[in-house]
Amino acid sequence: MNTSREHWGSRLGFVMAAAGSAVGLGNIWRFPYTAGENGGGAFLLIYLAIVAVFGVSLLLAEVLIGRSTQRNPVGALARLGGRWWSLVGLLGVLTGFVILSFYVVVAGWTVAYIGFAASGALSSTDPATLGALFQAFVGSFWSPLLYALFFMVLVALTVSGGVARGIERANKVLMPLLFLLLLALVAHALTLDGSGAGVAFLLQPDFSKVTGATFSAALAQAFFSLSLGMGCMLTYGSYLSAHDRLGVATTSIISLDVLAAILAGLAIMPVVFALGFNPEAGAGLTFITLPAAFAAMPGGAYIGPLFFLLLTVAALTSAISILEPAISFLTDERGWTRRRTVFVCAAVCLLLSVPSSLSMGAVDGLTLVGRSFFDAMDFAATNVMMPLGALLTAVFVGWVWGAGALNALSDSRPIAWWARAWLFVLRFVAPPALLLIFLQSTGVL
């Protein structure tokens, strides 16, 4: 067993890395079209409420477990709760592999679309033409796999550099770049005639469109964007020193994540409305509707490549964190070197990405439980594994660790009222609410 452990070079480095984990395709690719499908502002309010109640509590719980144990998800829960609770940590590690099986595929698309946008291949204003191009690309055999391979190499090279010299250093550059790109896109979008309708759609709630599925979508969005229930934040917390204070850091991470989601909506919805496109276009909003909108707008030839560069940066910062729990597990518990672990885990992720990519049209019959392999992995991760992992984490911290969690959070200082409120949420609010929404998202209710 490897007893040495790296640490972040600074608290800012941790915040940038953790925010990089939270701010990813979930914010910029998934949030705008999910909001579009679920009533715009009404969805945003529900999403913010879930983040405020569950997101903050669970993020702090995961980071606290990691900081207190200085271990990976499996080792941390084994140390605090025993052998059976270590299975919850293992669930988080496995969830990362499931997510990466489709995440690297979508990330590969974003890399490819930087080139498509820059070369003028996306210059059409007809969504049908761009839809045919998208389907031809994602339905081809080799091209999406090669782009996924390229993206996975970028992830592996970053993670192999270690915590401070690899992950932290990369995020200190990538996160400011990401927000600069977002702000530039928002500034341009708000100058378009008719953009106000897009802002109103995003910020003014339409509760007539709210159903039980809206809450499930908001929960999945919150967990996906905050990297909850898959061991990422626990692992990043384990690289903090034992007495690093968590309140300000956790608040900063949540704030940056929510800000990125809202900015993404403000960058995309004004464009969609200004040019008369459908805000409920689903996943195709990013790769079909928006390129048509960029082609029709002033400066679109420059905005298009910038937008897909933004998506790629966001995907990279998140993919780094999704891979790290498995790296930490194998280096901690099996004594593997980081470089060997990165190579093995990256190879496994790439192998899992093959059926996800091919199920988009290259090969017929790649299905699981009536869904394409890609959609099945997405559903399993976002609707089953992540909510289940978060539910069990809340139960563990609230009822098993309990008073020990409060003592660990207070760091020998008097226990604050907000810490007691945090434990109350994990005990009495989060578990029943998460269970209800979990049953809804899996179709049981």
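Okay, let's start with a pair of side chains: Arg5 and Asp332 meet in a salt bridge, at 2.7 Å from N to O. What I like here is where the two sit. Arg5 is in the segment before α1, which covers 11-22, while Asp332 belongs to helix α14, residues 300-333. Searching the whole structure turns up six salt bridges. Oh, and keep in mind that this is a predicted model.

Take α5, residues 86-119, and α7, residues 143-160: they pack at an angle of about 100 degrees, and their axes are 8 Å apart. Angles of 65 to 115 degrees count as roughly perpendicular, and that makes α5 roughly perpendicular to α7. Who's touching whom? From α5 you have Val104, Val105, Ala107, Gly108, Trp109, Val111 and Ala112, and from α7 it's Pro144, Tyr147, Ala148, Phe150, Phe151 and Met152. By class, that contact has 12 nonpolar residues, one polar and no charged.

Now a second pair. Helix α2, residues 25-37, and helix α3, residues 41-69, have axes that come within 7 Å and cross at roughly 125 degrees. α2 and α3 are therefore oblique to each other. On the α2 side the contact uses Phe31, Thr34 and Ala35, and on the α3 side Phe43, Leu44 and Tyr47. Sorting the residues of this contact gives five nonpolar, one polar and no charged.

Last stop, the surface. There's a nonpolar patch of about 530 Å², made by Val53, Trp399, Val400, Phe424, Phe428 and Val429. Which helices each supply at least two residues of the patch? Those are α16, 373-401, and α18, 417-441. The largest share, three residues, comes from α18. And if you want to find Trp399 on the screen, look in helix α16.

That's my tour, thanks everyone.

Terms used:
Residues are numbered from 1 along each chain as its sequence is written. This is a predicted model: local features need pLDDT of at least 70, side-chain atom pairs count only at pLDDT 80 or more; totals for chains, interfaces and linings use all residues. Side-chain values use heavy atoms; hydrogens and water are left out. Axes are lines fitted to C-alpha atoms, for helices over the stretch in contact, and angles run from 0 to 180 degrees between N-to-C directions. Helices (H or I, at least four residues) and strands (E, at least two) are DSSP runs, numbered from the N terminus. Angles under 35 degrees count as roughly parallel, over 145 as roughly antiparallel, 65 to 115 as roughly perpendicular and the rest as oblique. Contact means heavy atoms within 4.5 Å. Ala, Val, Leu, Ile, Met, Phe, Trp, Tyr, Cys and Pro count as nonpolar, Asp, Glu, Lys and Arg as charged, and the others, Gly among them, as polar. Patches are made of residues with over 30% relative accessible area and no salt bridge: like charges are joined within 9 Å, nonpolar side chains (Val, Leu, Ile, Met, Phe, Trp, Tyr) within 5 Å. Accessible areas come from the Shrake-Rupley method with a 1.4 Å probe; for residues, only the protein chains shown count as cover. A salt bridge is a side-chain nitrogen of Lys or Arg within 4 Å of a carboxyl oxygen of Asp or Glu.
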